[in-house]
Amino acid sequence: MEAETDSNTMNVTSPQACDCGAAISVATGYTHAVCNSCQSFWFPTSIEQSEDQIVPQNRATPFSCPRCSVDLEVGKIGNTEVCFCTSCRGFVVDLESLGGIIQMRRTMYEGPDDKPTPANFCELNVHGTCPACFAKMEAHHYCGPGNIVLDTCNGCKLAWLDHGELSKIARAPGQR
Ligand SMILES: [Zn+2]
Ligand SMILES: [Zn+2]
Ligand SMILES: [Zn+2]
């Protein structure tokens, strides 16, 4: 007998409280938590075990995170270099490479499809700063699988994905 797994409730223990003392909880469809009080992030695993599977290259970049303002580091997703944040684990990728990464992850994914979830349109009002040119990024409703809100800088042709968004796209129902 195989255990039934629900892709929306991954088998991880959720934290009850942040180091600062505030209560935190994991949002549906994600495995990590954000503290509304001190804005720090909680993850169930190390970055190497993280669901987006970014492989750290141990190289600094001159770019800073649009969410937490710490310097981004070089990481690899497949053969594509991205710049990722060690604090919130989001990453920036050039728009040309994004389609290939998405296609690869959707093809590789062998688990159950997510139930379709509505987009969180509140995210359309959150504008991060482009890590490269410091302009305000544009928030778009990504029209492919996963129903996520994607931040892009059209000047630099970059996209920012928050932690878990790539995995969400991979798990979304639809053609693979
Ligand atoms: Zn906190
Ligand atoms: Zn960050
Ligand atoms: Zn830019």
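In this predicted model, strand β6 (residues 91–94) and strand β9 (residues 158–161) are paired in the antiparallel sense over 4 bridges, strands being DSSP runs of E of at least two residues and helices runs of H or I of at least four, both numbered from the N terminus, and two strands being taken to pair if DSSP finds at least two bridges between them. Within these strands, V92 stands opposite W160 of β9.

The β6 and β9 strands belong to an open sheet of 7 strands with antiparallel pairing, in the order β3-β4-β5-β6-β9-β8-β7. At the edges stand β3 (55–64) and β7 (138–141), each of which has a single partner strand, so one side of each is left without a neighbour in the sheet. Helix α1 (residues 95–108) lies across β4 (71–77), β5 (80–84), β6, β8 (149–153) and β9, and runs at about 105° to β6, where contact requires C-beta atoms, placed from the backbone, within 7 Å, and where axes are lines fitted to C-alpha atoms, for helices over the stretch in contact, with angles from 0 to 180 degrees between N-to-C directions.

In the protein chain as a whole there are 2 helices and 9 strands, which follow one another from the N terminus as β-β-β-β-β-β-α-β-β-β-α.

Residues are numbered from 1 along each chain as its sequence is written, and chains are lettered from A and ligands numbered from 1 in the order in which they are written. Local features need pLDDT of at least 70 and side-chain atom pairs count only at pLDDT 80 or more, while totals for chains, interfaces and linings use all residues.

How values were computed: Two residues are in contact if their C-beta atoms, placed from the backbone, lie within 7 Å.
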